[in-house]
Amino acid sequence: MFTPLGLDHVVFRVRDQAVSQRFYVEVLGCTVDHVNERISLVHLRFGEAYIDLLPATAEAPAAGPGGVDHVCLSIRCDDLGKVAATLRQRGVAVEGDVVDRRGAYGTGPSLYIRDPDGHLVELKPR
């Protein structure tokens, strides 16, 4: 169906993007790669992967359950739409359709699924 390649990005809900951005840049050595002002999303480069920062909300707080918005797994596949159909047939909770999103390896198709505990996992071909 697909080949696992590694981690593409992780998205954290943060109370203060400026404070968090300084921490990841100054302490962990990240660089600002891109800012999506439309949704207030900061993409920080950490080696080959991204650490993304989104503002916390009442529905998605910075700490505790929901502090990690989602994890994105980098995969190799020929047709993400077929992967989505196969996952649905296997009873996996698929969130929406294949949509172009930005990741550590550029903009392209991605798909959200839920694991058995409800964690949001994004599958994104390189």
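## Cysteines and overall fold of a predicted chain

The sulfur of Cys30 lies 16 Å from the closest cysteine sulfur, that of Cys72, which is too far for a bond; a disulfide is a pair of cysteine sulfur atoms within 2.5 Å. This is a predicted model: local features need pLDDT of at least 70, side-chain atom pairs count only at pLDDT 80 or more, and totals for chains, interfaces and linings use all residues. Residues are numbered from 1 along each chain as its sequence is written, and side-chain values use heavy atoms, with hydrogens and water left out.

**Cysteines**
- For Cys72, the closest cysteine sulfur is in Cys77, at 12 Å, again too far for a bond.
- The disulfide count is zero.
- Cys30 counts as buried because its relative accessibility is 3%, where buried means under 20% relative accessible area (1.4 Å probe, protein chains only).
- Cys72 is also buried, at 0%.

**Secondary structure**
- The chain has two helices and eight strands, which are DSSP runs (helices H or I, at least four residues; strands E, at least two).
- Their order along the sequence is β-α-β-β-β-β-α-β-β-β.

**Dimensions and packing**
- The C-alpha atoms fill a box of roughly 45 × 30 × 25 Å along the principal axes.
- Of the 126 residues, 35% are buried.
- Among contacts (heavy atoms within 4.5 Å) with a separation of 6 or more, 54% join residues 24 or more positions apart.

Terms used: Buried means under 20% relative accessible area, exposed over 50%, partly exposed in between (1.4 Å probe, protein chains only).
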